[in-house]
Amino acid sequence: MGGGSVASLILAIACVFQAFFPPVASGDAATLESVPDLVKAMYINVESFPCVRLLNHSGQIGCSNPGHDKIIAPIVRLRNRNDQLVQPSAVLLPLDQMTDFFLRVSNDPELYRKIAGVLVEANGADSVLEFSPDRKFPQQAFAPYSNLSHHWNPAGSGIMWNKYDFPVFLLSEESTQTLQKLADKNEKTPNGYLANVAEFDLVMQTTKAGTHDSESCLREQSCLPLGGQSVWTSLPPISNSSKKHQKPIIMVTASQDSGSFFRDRSLGADSPISGLIALLTAVDALSHLHDMSNLKKQLVFAVFNGEAWGYLGSRKFLQELDQGADSVNGISSLLIDQVLEIGSVGKAVSQGYPLFYAHAAGNSPISKKMIDVLQSASESLGSDNVQVKPAASSNPGVPPSSLMSFIGKNASTSGLVLEDFDSQFSNRFYHSTLDGPANINSSSIAAAAALIARSLYILASADLPIDLITLNSIRVNVSMVEELIECLLKCDPGLSCGIVKSFISPSNSCPSHYVGVFQDLPAGTQFPSYADDISRFIWNFLADRTSSLASNSSSCTGQCRDEGEICVGAEVEGGGRCVVSTTRYVPAYSTRLKFEDNIWHVLPVNSSDPLSAADPVWTESFWNTIGLRVYAVQTTAYDWLVLLIGIIITGASYLAVIVGRSYISKIIKRD
Amino acid sequence: MTVAAGLGYALIALGPALSIFAGVVARKPFLVLTLLTSTLFWLISLIILSGIWRVFLPITSGAWWPYVILILTSVAFQEGIRLVFWRLYKKMEEMLDSFADRISKPRLCLTDKMLISLAGGLGHGVAHAVFFCLSLLTPAFGRATFYVERCSRMPFFLISAVIALGFLVIHTFSMIVAFNGYDERKRSDQVFAPVVHLIASVMTLMNLAPDGCVIGTPLLCVMSAVTLQYCWRMVWQRLSEHQHRQFNS
């Protein structure tokens with residue numbers, strides 16, 4: 001015992017002297033210097049990532065404590081597939097067993113009853129070859145074709161779309177070690193007088209309120225709809241004069257959000273952040289051209305948010321276009337000529353050279369022309385040997401992508417999705433926690449960005465003769481690709497990296513690409529208060545790259561004086577600067593939601609919008625706190641035994657006192 | 001561990017103190033005052049000690065000899081305080097005796113003096129138990145228990161309570177022996193209290209060794225039993241002699 005008496009002596013001395021001297025911080029973690037230190041040593045807070053309760057229009061998915069209270073259960077390790085549980089326990093699970101375990105749980109009510117909670121270890125990722133909790137055809141209800149049996153995601157198990165009435169947490173690297181040690185200790189003391197337990201606090205408001213679908217929980221205000229801010233920009237900026245002679249628009253889109261079993265661990269490196277990085281890099285490459293306004297077509301770049309949860313960003317964008325909202329002032333859906341979407345482009349390098357696939361929407365001649373343009377752009381890249389092929393005709397259509405929203409709106413949309421796969425995802429970790437920077441290749445992304453930048457120049461020139469010198473001068477900044485990977489996909493440096501900090505002051509260093517809940521003004525605002533770090537970075541980056549010099553570059557922190565000017569880098573110390581650019585925020589939330597009288601209402605299915613029937617209307621439950629603690633617990637028999645011993649000692653000493661007193665009075669009475 | 005266990009640990013540490021208080025001290029208000037005064041004395045001695053030792057704490061080196069120095073100086077200081085306490089008691093005894101003479105009531109008899117020393121010792125013991133055990137006991141009322149790495153057989157709170165109990169007995173009864181020693185000028189009694197205090201304190205160092213608490217804690221209980229037995233024998237002898245003298249005179 002670390003000097004039970006000695007530690008107590010130090011404790012007493014420190015305690016007594018708190019009032020007289022300022023406390024000195026101790027660097028040694030093993031010494032306890034106060035009762036709060038003791039409590040901290042007794043109850044260990046475990047660093048972990050929860051899986052939370054999400055609701056849609058017909059039910060719920062995700063994880064939650066089954067009632068209002070915390071769940072306390074002993075930690076048990078499940079090593080083999082067929083291990084059985086004896087009592088309700090907290091199961092410690094290696095990552096490679098996760099898919100099998102959750103599939104087993106959904107089919108085995110006996111096992112389901114004995115699970116109090118699940119803890120998923122963080123290591124063991126090297127032995128996992130493929131892991132995807134999403135379905136084999138993600139978001140298939142939005143597909144514009146009828147062959148829904150094609151498996152775009154063959155590694156998919158679908159476990160993230162099931163409902164679990166127990167808490168599930170993903171552990172970090174260090175907490176995995178701690179919990180493995182505790183589980184081993186539990187195994188060594190089988191007689192059960194001492195057990196290491198895990199205490200799960202994952203009480204969801206929707207469970208407490210008894211609301212089990214989106215409509216009722218929005219009414220009871222126990223949840224909020226998923227959503228965020230999408231960003232679009234125009235290159236070159238749309239000025240008042242160009243509004244009179246509007247050019248046809250080429251839309252270039254990418255997505256910025258991913259999903260995962262655990263909400264705070266949605267990295268999505270290949271799907272879709274590789275596409276986002278390629279888009280940003282292409283914009284950067286094109287921004288060096290001088291005469292964009294002489295081109296025949298207008299380039300509009302859009303980064304949609306919430307695509308993983310029912311294509312919220314793209315569908316809301318199209319709705320805003322139809323309604324002629326302020327957020328899309330300057331463009332009109334009638335002008336959209338072609339759509340080029342950048343999908344997953346991080347794994348295209350095979351046999352040393354990047355190979356991309358263009359999935360065209362339909363067989364229109366415009367789509368075919370787009371593929372030809374891509375191929376001529378790839379030829380112009382020469383020795384870089386970037387190749388583009390049209391996707392296999394055996395595919396039923398476009399893969400799951402924002403293009404599905406465009407096609408759903410207008411079946412004759414001409415467009416294509418650029419991907420790094422042909423018939424099946426090459427990403428074996430789609431929408432899982434393992435889709436990290438190790439899963440992608442920066443040269444693949446750089447190649448995609450170069451391909452797209454040059455193709456866009458050719459497409460925007462339309463029937464004008466192509467100036468080959470200009471075309472060959474379009475070069476991609478490869479170090480920017482690597483820097484963006486470090487910023488958007490790692491915790492160190494994460495969002496504290498140079499390029500991000502030059503535009504925004506991030507709230508968190510670790511980036512997360514989960515869309516989160518929508519808290520801004522539903523009508524849309526150009527100064528959103530709840531836009532997440534990534535959206536704000538994209539807005540500032542695109543505004544900076546598409547800007548032309550402002551007339552008066554003074555420091556600004558909000559609005560700029562002239563119309564058509566926006567303030568870039570407003571959050572940075574020293575303020576930002578006003579530039580002329582057309583970069584706007586567009587809200588991204590379900591088109592079936594309407595905010596009225598301070599409550600969200602779910603609108604009935606709109607027959608004129610074929611995709612509204614497919615929209616699940618995702619919402620996320622509120623919660624009070626989420627936490628995970630582990631500590632050691634004794635059996636109740638032991639507690640009562642201690643109380644009994646205390647009573648016996650008190651009683652025996654009282655007896656001894658009485659006996660002693662009578663003896664002594666006998667001696668005195670001899671007098 | 002819940003309320004039952006927390007209460008159990010509190011009773012293990014302070015149960016005998018409660019019994020002695022209820023059975024002996026509470027009957028005479030003067031003894032209650034003595035108890036409170038001696039508690040205060042002990043606390044003040046602790047404050048002064050911490051003032052001196054604050055500069056050197058926390059002891060970050062893993063060696064055990066700094067703790068030996070800490071214990072030696074603390075025990076020496078507290079034994080010094082005991083002597084001061086004795087002097088104050090002597091002065092007070094003179095005042096009480098002269099007051100009794102003035103109002104022609106009997107002076108303090110031997111049992112009174114022994115009861116006062118008992119209350120004094122109990123004050124020391126209660127202060128030790130409250131400070132070193134009760135102040136740590138709040139987490140024991142919660143759900144979790146705590147086992148220190150170096151003592152994995154017994155829970156931390158149990159060891160703490162047993163040590164507090166041991167020292168309570170030692171402080172209470174060695175005070176009676178010490179006061180008797182100062183009164184009768186008996187060397188063996190005078191030396192008994194510091195020696196027992198020192199041996200018991202140094203024995204707690206055994207808890208620093210891995211699983212040393214299994215040996216250290218029972219040994220401490222042995223020391224308190226020895227103190228109790230010595231004190232009982234001394235009291236019996238003294239009271240019997242006193243009666244004989246009174247009888248013979």
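In this predicted model, strand β12 (residues 227–235) of chain A pairs with strand β14(A) in the antiparallel sense over 5 bridges. Two strands count as paired if DSSP finds at least two bridges between them. Helices (H or I, at least four residues) and strands (E, at least two) are DSSP runs, numbered from the N terminus. Within this pair, L299(A) of β14(A) is the bridge partner of L235(A). Strand β13 (residues 249–255) of chain A is joined to β14(A) by 7 bridges, and these two strands run parallel; here T253(A) stands opposite A302(A). Strands of a sheet pair through backbone hydrogen bonds, either parallel or antiparallel.

Strand β14 (residues 298–304) of chain A is largely enclosed by the rest of the structure, because 7 of its 7 residues are buried. Buried denotes under 20% relative accessible area, exposed over 50%, and partly exposed the range in between (1.4 Å probe, protein chains only). Both faces of β14(A) are covered: one side presents Q298(A), V300(A), A302(A) and F304(A), the other L299(A), F301(A) and V303(A), all of them buried.

An open sheet of 3 strands in chain A has the order β20-β22-β21, with antiparallel pairing. Its edge strands, β20 (555–556) and β21 (565–568) of chain A, each pair on one side only. Strand β22 (residues 576–580) of chain A is joined to β20(A) by 2 bridges and runs antiparallel to it, with C556(A) opposite G576(A) of β22(A).

Residues are numbered from 1 along each chain as its sequence is written, and chains are lettered from A and ligands numbered from 1 in the order in which they are written. Local features need pLDDT of at least 70, side-chain atom pairs count only at pLDDT 80 or more, and totals for chains, interfaces and linings use all residues, while side-chain values use heavy atoms, with hydrogens and water left out.

Chain A as a whole contains 18 helices and 27 strands. Its C-alpha trace spans about 130 × 60 × 55 Å along the principal axes, and 56% of its 671 residues count as buried. A contact is defined by heavy atoms within 4.5 Å. Among contacts in chain A with a separation of 6 or more, 78% involve residues 24 or more positions apart.

For helix α5 (residues 173–188) of chain A, the 16 residues should span 22 Å at 1.5 Å a residue, and the end C-alpha atoms are 23 Å apart, which agrees; the expected span is 1.5 Å times one less than the number of residues. The buried residues of α5(A) are S175(A), T176(A), L179(A), Q180(A), L182(A), A183(A) and N186(A). They cover an arc of only 165° around the axis and therefore lie on the same side of α5(A); the arc is that of the directions from the helix axis to the C-beta atoms. The face of α5(A) turned away from its buried side carries the exposed residues E174(A), K181(A) and K188(A). Elements covering the buried residues of α5(A) include β5 (71–77), β6 (89–93), β7 (115–120), β9, β10 (194–201) and β27 (627–634) of chain A.

In helix α2 (residues 35–42) of chain A, V35(A), L38(A) and M42(A) are buried. The buried residues of α2(A) fall within an arc of 55° seen down the axis, so they line one face of the helix. P36(A) and K40(A) are exposed on the other side of α2(A).

UniProt annotates a "transmembrane region" (unreviewed entry) at residues 640–660 of chain A, and its record for chain B places this feature at several spans, among them residues 115–137 and 191–209. UniProt positions are given in the numbering used here, feature names are shortened, and annotations may be inferred rather than shown by experiment.

| Span | Helix | Strand | End C-alpha separation |
|---|---|---|---|
| Residues 640–660 of chain A | 100% helix | 0% strand | 30 Å |
| Residues 115–137 of chain B | 78% helix | 0% strand | 30 Å |
| Residues 191–209 of chain B | 68% helix | 0% strand | 29 Å |

Confidence per residue is given by pLDDT, the predictor's score from 0 to 100. Chain A has a mean pLDDT of 88, with 94% of its residues at 70 or more. Confidence in chain A is lowest in helix α1 (residues 4–17), at a mean of 46, and highest in strand β9 (residues 168–171), at 96. The pLDDT is below 50 over residues 10–29 of chain A, a stretch with 27 contacts in the model beyond near neighbours in sequence. Chain B averages 89, and 98% of the residues score at least 70. The predictor assigns the complex an ipTM of 0.92 and a pTM of 0.87.
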